[in-house]
Amino acid sequence: MNAYRADQGGRVERGASVAFSFNGTNLSGVKGDTLASALLANGIHFVGRSFKYHRPRGIMSAGTEEASALLGIDRGQGRYDTNIRATTQELFDGLKAESQHCWPSLRWDMGVLNELGGPVMSTGFYYKTFMWPKSAWEKVYEPIIRKSAGLGRAPRAFDPDCYASRYAHCDVLVVGGGPAGLAAALSASHKGKKVILADEQAEMGGSLLSDTGSLINGEAAQAWLASALATLVERDNVTVLTRTTAVGYYQQNFLGLVERLSDHLRVLDADLPRERMWRVRASQVVLATGAIERPLVFAGNDRPGTMLASAARTYLNRYGVRVGNRPVVVTCHDSAYLAAFDLANAGVGVAAVIDVRDDVPAALLEKAGRLGIEVLGGHTVLAAKGGLLVSAIVVAPVQAGGPARTIDCDALLMCGGWTPSVHLFSQAKGMLSWRDDLGAYVPGRYAQNARSAGACDGRFLLLEALNGGDAAGAGLSDPISDTYTVAEETHSSGISLAALPTSAKPARGKAFVDFQHDVTIKDIRQAVLEGFHSIEHIKRYTTTGMATDQGKTSNLNGLAIASEALGRPIVDIGLTTFRPPYTPTSFGVFAGYSRGDLFDVTRKSPTDRWAEQHGAVFEPVSLWRRARYFPQPGEDMDKAVARECKATRASIGISDASTLGKIEVVGRDAAEFLNRMYTNPWTKLGIGRCRYGLMLGEDGFVLDDGVVGRLAEDRFHVTTTTGGAARVMAHMEDYLQTEWADLNVWLTSISEQWAVIALNGPNTRQLIAPFVEAIDLDKEAFPHMAIREGKIFGVPTRLFRVSFTGELGFEINVPSRYGLAVWERLMEAGAKYDIVPYGTETLHVLRAEKGYIIVGQETDGTQTPDDVGMAWAIGKKKPDFVGKRSLERPDIVAPNRKQLVGLLTEEPRTVLEEGAQIVAEKSASPPVDMIGHVTSAYWSECLQHSIALAVVEGGRARMGEALYVPMPDTVHTVKVVDPVFYDASGERLNV
Amino acid sequence: MLLIKCPYCQQERAEVEFSYAGEAHIERPSDPAALSDAEWEAYLFLRSNPRGTHFERWYHIHGCGRYFNAVRDTVTDNFVRTYPAGMPRPSVHDIDDAKT
């Protein structure tokens, strides 16, 4: 049996021993323990070092609000988690826990020097200390800070766990399974509502789990709890979720619940997810999230052995663990007496109760007297003493003049009042209102269909919690019903205090407000002195409330101290915003199933399987995967691409262009609609002809481009870029539906209906001629930039004669289901022409040799048609089109805009880096004006020279000029040339 | 995740079916060429960005494919109502009625 385990009491199974280790020492607890209760049962308070000063720290709470006992937990097989609250980690056989943030060991920690060099870490030290000299940041400050700061170490192995997610809908979602939540779930489900009840702990019950004195409807609290739970579990319309935290409350009663499924288990079933994200939409939400006890602020309030009074009571009543043999209680609130009384009843010698209030309720004094507990009313604590464990406190009367007295102790239990947990209410955009009588914020105006019940609503009595929950669950108009009766409850009243009042000179020791971030009362006062008057600023300057606990125990204390320092009421200095998640939440549960192959959709073209079988290397292009190149044995990308380029220009290259966006524009006003959507004129485009279309946003910048073919007077086949397909469709629909609803036009996405096989090279016509029906392929009858409908291999086709390579080219559109078959026939028939499949890389090289732009590569959303040398694509006679007016804007017509040019490197084999900056002077010292950047750069096998496209200020006026591309190790000299490198006259197209 | 009622489908659907499309009731000028630079700038760039009632456009991209208008409170994110594109801006009176 553990040294500090009481012989009886609590909900743990004393017979079921659980072995675990802490910093390599083997220890044991019992079934039902948390890691914290097991450590305390072994007499261990000191578990870690603090963030900034490396001060010894203990366990300060028994729940989610823990800000001190943050440990690293190893669950084996790469499962390592950092900053786990010992108070919420359930014990299991084989659990390995370690202290964080100490070096070389927990006991002997070098970082404690930080405390001796205190002034270095003064308020706002991030902003002050490390500013000078500038050069020292990278080499001196940052490495030291990284070594000594930080909260734990990140796991190194791949996360082996899987994470689940699901959607759920209900009539009433009850958050919190304490008395209020249980009563709400009971009354709601009794009325036939579909209810989800969630609680973050392993057991439902909340405060009832450590309540040994109250009677509910004449029944002992824990007996009532058991029967209430049995009733709920039996009801088909109730889902009870334990170990489930509501981490976020979003719009329209949408909440994220994280259910922890395996963190408490030793043996892991491979199919068991670690966590599950419930995305719940509820008609009504009942918040029964309880309240968090407030620490008191006095010198040495962080010594190990110091904890919240209610936590000590929970450890005793729920886990059967005495937190000390001679505890002392410091309070300004009745509730702390419950801990003192229960401990005394369990045979623990309570050293004293120090109560700041002069008028301690007589009933409490009387009961304390009966239990032999000394109560010092009107007293305050000047300091807590001790090293790795608190050993004594120095107390004195609040009123000046009284003598100070030292009281020995081995545990210090504090209570500064209670803070309703309004986090979720506030996340849901509710307006909080300040209650002076409680010294706390409570829910005010609700923004959503929700109610609060119990302590989170500022109603701390058990009776109020039960009847408030009952009313909320049943949807009564009154906030409280009278369904339940409660006896034996100690009536709680008191004041809320942050800093303990003191008549004496403030002690020199540190009095902590934020335990996790090591923010002291002095820091907050200093921030105010330095001129920070809003709590939002004070918070950021001191970092109070900014640790992973989000200030659950420190926000109100920080606020109260700032208010006092400013001499203004709390309500005047604001409240920081509560944001999700309520507690630290794993990335894994947010990702859920969306990882690895399931991270995102992969769209595959009709010939994808063939490409895979033929060794293609793929690349993602928006959601598509496209073949990038087809390496033959022994080839790297450069060699494969050089071969593909040469073969295409010499005879025939074949590639899959099915990913292009395709939109059919149909209707009486189709040509007029295109006139307005594209810069080009469409009215006179002949049936069976194609035109390159350039599309702008209303801001005048290039949005998309593609070839448009006219199939009939009222029917166009429009193509878009692969990545722009959906955007262009939405853009067109927008104008058609909302600006020009009078136009008679229909838009239909046909991207996935047509497979597109691009054939390029001088022999393409010979290749397809034997297989094409009903289309005259003669060069005069079917010229460049034309479209015909007919058949190929007996399959219907829309055959485009277009080229993105500068060679004779055909784009064979066939219904998608025939795409693969047609491709295979072409490969077969093309064998005698040495046909070569090529991917996107060769496509890019071939088009760059011709100076054809790719929207999104040569453009970045700030290029006008003129910038990319396409002023010719603008229909000059058109009165209007989308983006036309913007082309007259002052900045657009200003001189010296960046213009598309070609670059040739002085050294022919040097391929520039895409994105590299361009400067006008070779050896200017920084700062240097960057006059442009490289947009595309490749080795051109056909030209035996590297080529590049770039945008350069006033580029077209710089032809022949030398410019420079500085790189980390050298400076490349380049010559500005026309962007068309290959076949400038275009004679290869018109054959 | 917002729930949005498409006025064409007459169904409340999850936000993932929709895409946002900017402020509503900003009509494209019928003759942009007649506008001064300042007027064109106002049309192109200037938006109201209110705290409170906002008139905005949504596109039921993964549903019926139609654009519609909505009145949303930017403080609470609550939708007051949605209505087909082309309908006039609801009056303050209508909005207050819908809120209550």
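Student: How many salt bridges turn up over all chains?
Tutor: Before the count, bear in mind that this is a predicted model: local features need pLDDT of at least 70, side-chain atom pairs count only at pLDDT 80 or more, and totals for chains, interfaces and linings use all residues. Residues are numbered from 1 along each chain as its sequence is written, chains are lettered from A and ligands numbered from 1 in the order in which they are written, and side-chain values use heavy atoms, leaving out hydrogens and water. A salt bridge is a side-chain nitrogen of Lys or Arg within 4 Å of a carboxyl oxygen of Asp or Glu. By this rule the count over all chains is 52.

Student: Are A:R274 and A:D81 buried or exposed?
Tutor: The cut-offs come from relative accessible area with a 1.4 Å probe, protein chains only: under 20% is buried, over 50% is exposed, and in between is partly exposed. A:R274 and A:D81 also belong to a network of salt bridges that includes A:R75, A:R79, A:D161 and A:D263. Both A:R274 and A:D81 are buried.

Student: What about chain B: which residue does B:R72 pair with in a salt bridge?
Tutor: The closest N and O atoms of that pair are 2.7 Å apart, and the partner of B:R72 is B:E56. B:R72 lies in strand β5 (67-73) of chain B and B:E56 in strand β4, so the pair ties together parts 16 residues apart in sequence.

Student: On to the interface: how much area is buried between chain B and chain A?
Tutor: Buried area means the accessible area (1.4 Å probe) that two parts lose on being put together, summed over both. For residue counts, contact means heavy atoms within 4.5 Å, and here it takes 26 residues from chain B and 28 residues from chain A. B:M1, B:R28 and B:Y67 supply 30% of what chain B buries against chain A, more than any other three residues. Carbon and sulfur atoms give 47% of the total, which is about 2,200 Å².

Student: Which residue of chain A does B:R28 meet in a salt bridge?
Tutor: As a general point, side chains of opposite charge can pair when their charged atoms come close. There are 5 salt bridges between chain B and chain A. In one of them, at 2.7 Å from N to O, the side chain of B:R28 meets that of A:D880.

Student: Why does the A:W224 and A:Y484 pair tie together separate parts of the chain?
Tutor: Rings of Phe, Tyr and Trp (its six-membered ring) pair if their centres lie within 6.5 Å, with planes under 30 degrees apart counting as stacked, over 60 as edge-to-face and the rest as tilted. The search finds 22 aromatic pairs over all chains, and A:W224 with A:Y484 is edge-to-face at 5.7 Å centre to centre and 85° between the planes. A:W224 is in helix α6 (221-234) and A:Y484 in the loop between α11 (462-474) and β29 (486-487) of chain A, so the parts tied together are 260 residues apart in sequence.

Student: And which residues have side chains in polar contact with A:E858?
Tutor: A polar contact is a pair of N or O atoms within 3.5 Å; within protein, one must be able to donate a hydrogen and the other to accept it, and residues adjacent in sequence count only if both atoms are side-chain atoms. A:E858 lies in the loop between α22 (840-849) and α23 (890-893) of chain A, and counts as buried because its relative accessibility is 1%. Its side chain makes one such contact of 2.8 Å with A:R847 and another of 2.8 Å with A:T935.

Student: Last one: what share of chain A counts as buried?
Tutor: The chain's secondary structure comes to 23 helices and 51 strands, and its C-alpha trace spans about 115 × 70 × 55 Å along the principal axes. Of its 991 residues, the buried share is 58%.

Note on methods:
Helix = DSSP H or I, 4+ residues; strand = E, 2+ residues; numbered from the N terminus.
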